[in-house]
Amino acid sequence: LYHQQTIEDDMVRAMENNEFVMYLQPKYSISTGKIIGAEALTRWIHPEKGMIAPVDFIPIFEKNGFILRLDQHIWECACKKIHEWIENGIKPVPVSVNISREYINNFNVVEYFAELIKKYNIPVHLLEAEITESIDAEDTSGVVNNMKKIGFTMLMDDFGSGYSSLNMLKTTPFDVLKIDRNFLSEFMESDKGRKIIAHTISMTQDIGLDIIAEGVETNEQAQFLSKCGCDIVQGFYYSKPIPAEEFDKRLYREQIVN
């Protein structure tokens, strides 16, 4: 309770002082070794406590409703960054942002995203949205379909984290599935598990969905995923989440070399 109170006491001041910073975790192509996208994540840089881990404040913000304000801040940071790349002559890559499930039915996410695209004058395909698969499909399908009508690419986050079903795959409106990091690491430990991963990837692609593997931490995992036909990955083996300025440098270096 004391920890929660100190977090809540600081959160509004922290937002006003720009302590919530956007980090970007690169998404890589295994076959080319190049950055093909990024996921926008939040880091809290406290002036006295230093870096506060997301696990220490995200659950609290989800409970008290502050998560909406934080999400909106990160969505805007992502749009600013994409606009900045275009203005500076850097070939932009898509940036995915997270939509928290707590307000999916009581906030007009579709209209808000549409206004952001207009405000920063960026192509709609460069801003992608991730929603966790644990959300009830009936609650999210309308939002996902309306986002897709505008042109947004929709990603189902944490696929395989415990709520998956074949029926859900049959009816999902999403464009991309992101394999949960725990699903990957746990199933890689046995031959049977690896077969399940391989067939999940094959089945997903057969029904017209793209797939991204999260939490890739070893070369063995990367090579296995490549053999299974999954080329897009993110994880510590390739890069941890990094400050946006560092991401800019990596992206620029790759484009200069090519």
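**Reading contacts, burial and packing**

Trainee: Which residues is L70 in contact with, leaving aside its neighbours within four places in sequence?

Mentor: Setting those neighbours aside, L70 touches M15, F20, T42, F57, I58 and F61. Keep in mind, as we go on, that this is a predicted model. To place L70 for you, the residue sits in helix α3.

Trainee: What makes L70 count as buried?

Mentor: Buried means under 20% relative accessible area. L70 has a relative accessible area of 0%, and is therefore buried. As for distance, L70 and L41 are 29 residues apart in sequence, with 11 Å between their C-alpha atoms.

Trainee: And I117, why does that residue count as buried?

Mentor: The cut-off is again 20%. The relative accessibility of I117 is 13%, so I117 counts as buried. This residue belongs to helix α4. Apart from neighbours within four places in sequence, I117 is in contact with I122, P123, V124, L127 and F152. Its C-alpha atom is separated by 9.6 Å from that of E76, 41 residues apart along the chain.

Trainee: Let's turn to the helices. Why are α3 and α4 called roughly parallel?

Mentor: Good one! Two packed helices are described by the angle between their axes and the distance between the axes. Here helix α3 (residues 66–87) and helix α4 (residues 109–120) pack at about 30°, and their axes are 10 Å apart. Angles under 35 degrees count as roughly parallel, so α3 and α4 are roughly parallel to each other. Their crossing is right-handed.

Trainee: Which residues make the contact?

Mentor: From α3 come Q72, W75, E76, C79, K80 and H83, and from α4 come Y112, F113, L116, K119 and Y120. Sorted by class, the contact has 6 nonpolar, 2 polar and 3 charged residues.

Trainee: How many aromatic pairs does the structure hold?

Mentor: There are 18. One of them is formed by W44 and F57, with 5.5 Å centre to centre and 85° between the planes.

Trainee: What makes the pair of W44 and F57 edge-to-face?

Mentor: Take the two values in turn. Rings pair if their centres lie within 6.5 Å, and planes over 60 degrees apart count as edge-to-face. With 5.5 Å and 85°, W44 and F57 are a pair, and an edge-to-face one. The pair links distant parts of the chain, 13 residues apart: W44 lies in strand β2 (residues 35–46) and F57 in helix α2 (residues 54–64). Both W44 and F57 are buried.

Trainee: Which residues do ring pairs link into a cluster?

Mentor: The cluster joins W75, Y103, F107, Y112, F113 and F152.

Key: Residues numbered from 1 in each chain as written. Predicted model: local features only at pLDDT ≥ 70, side-chain atom pairs only at ≥ 80, totals over all residues. Heavy atoms only, no water. Axes fitted to C-alpha atoms, helices over the stretch in contact; angles between N-to-C directions. Helix = DSSP H or I, 4+ residues; strand = E, 2+ residues; numbered from the N terminus. Parallel < 35°, antiparallel > 145°, perpendicular 65-115°, else oblique. Left-handed = near helix turned anticlockwise from the far one by under 90°. Contact = heavy atoms within 4.5 Å. Nonpolar A, V, L, I, M, F, W, Y, C, P; charged D, E, K, R; others polar. Buried < 20%, exposed > 50% of the residue type's maximum accessible area, 1.4 Å probe, protein only. Phe/Tyr/Trp six-rings, centres within 6.5 Å; stacked < 30°, edge-to-face > 60°.
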